[in-house]
Amino acid sequence: MTGIDYSQKIPNNVDLAGDKRLQRALEAWQPNYLEWWAQMGPTDFNTKDVYLRTAINVGAEGWAHFGYVKMPEYRWGIFLAPAEAGRTIGFGDHYGQAAWQQVPGEYRNWLRRLIVTQADTEPASVEQQRLLGHTAPSLYDLRNLFQVNVEEGRHLWAMVYLLHTYFGKDGREEAEELLHRRSGNADHPRILGTFNEPCEDWLSFLCFTMFTDRDGKFQLLALAESGFDPLARTCRFMLTEEAHHMFVGQTGVGRVIEKTLTVMREHPDRDVRDFGAIPVDIIQKYINFWASSSTDLYGAEISSNSANFFRSGLKGRAYEDKQKDHLALEQFYLFENFVDGRISKEEVPLRNAMNEVLRDEYVKDNQRGIDFWNRICERLDSPVRFTLPHRRFHRKIGCYAGGHFHPATGELLDESTWLANVGSWLPTAADKAYVKSLMKPVYEQGKYASWIAPPAKGIDEKGVDYEYVKLA
Ligand SMILES: [Fe+2]
Ligand SMILES: [Fe+2]
């Protein structure tokens with residue numbers, strides 16, 4: 001395995017120097033990207049040294065280098081996982097045929113749409129998180145925020161490489177558009193709902209990296225199966241980085257829980273607010289919001305698009321190789337449809353249910369995260385338990401968007417029951433105001449905000465009191 005050539009303007013392992021036209025096109029896009037970063041990336045920290053990891057190789061071992069970097073000088077590069085000799089398409093109508101090294105003409109538009117949709121989420125999340133550095137609960141957390149930000153930037157690079165290399169003029173236009181849409185902008189929003197939601201406090205950020213980056217994991221797993229080999233290889237490497245983002249969310253929320261339960265144990269007769277911790281019910285409400293919003297990202301339960309993406313070999317299932325039947329032509333998927341105000345079991349051809357199949361894997365993985373948090377509760381001898389909201393709860397997309405459902409049981413609720421209870425299920429204005437009131441920066445080495453416990457260990461075997469960001 002060769003390392004990455006960092007002497008080039010754009011570090012890469014795709015022999016960019018061997019394709020001068022492409023290299024020029026990407027070098028022309030680079031200043032626009034940096035301008036977007038300056039405008040929409042993290043505010044005010046661009047001159048600071050941050051202890052970041054940078055990809056230097058694509059192997060499973062030792063792919064990252066750690067060191068102090070100023071974010072605008074981060075080496076955003078283009079890295080694909082190694083090619084598999086003789087790789088064949090693993091599912092759909094072209095099952096068993098040689099994987100495509102070029103865009104199959106008949107699927108060009110679908111493929112571009114899949115790549116653009118994935119690409120759009122990357123800069124969107126950076127925009128959503130741009131102000132959080134000002135209220136970081138510690139230098140450790142500040143560093144993790146910036147690590148996630150620069151890697152989302154690199155994921156944008158990864159997708160723009162595909163657009164520039166394989167889609168000609170319209171690919172270059174799409175690459176420009178990716179720098180022009182804005183998260184939460186009414187006139188020119190990002191493509192997917194969750195990526196337009198405000199993420200203005202750290203509890204939201206930690207829930208976002210837990211639930212929304214986890215959606216990213218499953219979209220990448222499905223695209224890593226693609227018959228279009230450059231996309232598959234790109235996504236496989238992106239998954240390596242994505243794991244850290246979910247780590248930030250899962251352990252981060254876990255630390256918030258640990259802090260709250262510790263305060264409750266030490267002061268059983270007091271309100272945890274008196275000690276600047278976050279009450280259990282507010283944590284659960286934030287979980288409910290971000291989990292339900294991110295569950296929407298898979299799209300409608302029955303979808304002809306998802307059938308087309310599968311049939312054409314462009315987007316598979318997560319862990320496709322574990323499936324017995326890669327054609328999915330004869331099977332059916334049983335799900336609970338919600339039509340005309342009632343829930344009824346319905347069977348749909350499996351290919352039309354691929355969104356739901358991917359969502360199933362996502363929900364299972366979310367539950368493992370909840371179990372992790374509940375083990376923290378057990379370890380602290382607390383009777384508190386957290387729950388994943390029912391997949392019907394608070395949906396905006398798909399059949400369940402047509403009703404109100406209980407977060408624990410999934411039962412259908414009438415409007416008045418919903419209105420009477422929604423304030424105990426989703427964050428209220430008062431909850432958000434309280435959480436925001438806690439958002440004061442803690443920049444002293446080794447110190448942590450009142451609402452979050454220190455991590456079990458630091459990054460790259462450095463201590464929890466390491467100077468992860470040099471602010472002086
Ligand atoms: Fe990403
Ligand atoms: Fe991510």
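## Surroundings of Q147

Apart from its neighbours within four places in sequence, Q147 is in contact with Y51, L52, R53, Y74 and H244. The structure is a predicted model, and within that model Q147 belongs to helix α3, which covers residues 139-166. A polar atom of the Q147 side chain lies 2.8 Å from the backbone nitrogen of R53, and R53 is also one of the residues listed as contacts of Q147.

Is Q147 buried or exposed? Q147 counts as buried because its relative accessible area is 0%, whereas the cut-off for a buried residue is under 20%.

In soluble globular proteins, nonpolar side chains tend to be buried together. The largest nonpolar core of this model has 115 residues, and F211 and W451 are those with the most contacts inside it. Helix α3 provides the largest share of this core, with 15 residues, and α3 is also the helix in which Q147 is found.

When neighbours within four places in sequence are left aside, W451 is in contact with P137, W202, L206, V256, K259, G276, A277, I278, L438 and M439.

## The largest pocket

The largest pocket holds about 900 Å³ of space. Its lining is made up of 47 residues, of which T117, L192, Q219, L297 and Y298 are the closest to the centre of the pocket. Two or more lining residues come from each of the elements α2 (108-128), α5 (202-223), α7 (280-295), α8 (304-311) and α9 (354-379).

How do the residues of this lining divide into nonpolar, polar and charged? The lining of the largest pocket has 19 nonpolar residues, together with 17 polar and 11 charged ones.

## The second largest pocket

About 500 Å³ is the volume of the second largest pocket, which is lined by 25 residues, with Y140, F247, K457, G458 and I459 the closest to its centre. The elements that contribute two or more residues to this lining are β2 (64-70), α3, α6 (229-266) and α9, and the largest share, 7 residues, comes from α6. Sorted by class, the lining of the second largest pocket consists of 12 nonpolar, 6 polar and 7 charged residues.

## Cavities

The model contains 2 cavities of 30 Å³ or more. The largest cavity has about 80 Å³ of space, and its lining is formed by A291, S292, T295, V363, N366, L388, P389, H390, R391, F393 and R395. Helices α7 and α9 each give at least two residues to this lining, and α7 gives the largest share, with 3 residues. In terms of class, 5 of the residues lining the largest cavity are nonpolar, 4 are polar and 2 are charged.

The second largest cavity has a volume of about 30 Å³, and the residues that line it are Y140, D141, N144, L206, F247, V248, T251, G252 and R255. Both α3 and α6 give two or more residues to this lining, with α6 giving the most, namely 5 residues. The lining of the second largest cavity divides into 4 nonpolar, 3 polar and 2 charged residues. Two of its lining residues, Y140 and F247, are also listed with the residues closest to the centre of the second largest pocket, and another, L206, is in contact with W451.

## Residues with positive phi

Most residues other than glycine have a negative phi. Against that background, Y319 has a positive phi, near 55°, and this residue lies in the loop between α8 and β3 (332-339). Y319 is partly exposed because its relative accessible area is 27%, and the range for that class runs between the buried limit of 20% and the exposed limit of 50%.

H394 likewise has a positive phi, of about 55°, although it is not a glycine. The loop between α9 and β5 (404-405) is where H394 is placed. Is H394 buried or exposed? With a relative accessibility of 15%, H394 counts as buried, since buried means under 20%.

Notes
Residues numbered from 1 in each chain as written. Chains lettered and ligands numbered in written order. Predicted model: local features only at pLDDT ≥ 70, side-chain atom pairs only at ≥ 80, totals over all residues. Heavy atoms only, no water. Helix = DSSP H or I, 4+ residues; strand = E, 2+ residues; numbered from the N terminus. Buried < 20%, exposed > 50% of the residue type's maximum accessible area, 1.4 Å probe, protein only. Polar contact = N/O pair within 3.5 Å; in protein donor to acceptor, adjacent residues only side chain to side chain. Contact = heavy atoms within 4.5 Å. 1 Å grid on protein atoms, 1.4 Å probe; cavity = no way out; pocket = protein on both sides within 12 Å on 5 of 7 lines; lining within 4 Å. Points joined across faces, edges and corners; volume = space filled by probe spheres on them. Nonpolar A, V, L, I, M, F, W, Y, C, P; charged D, E, K, R; others polar. Core = buried A, V, L, I, M, F, W, Y, C linked by side-chain atoms within 4.5 Å.
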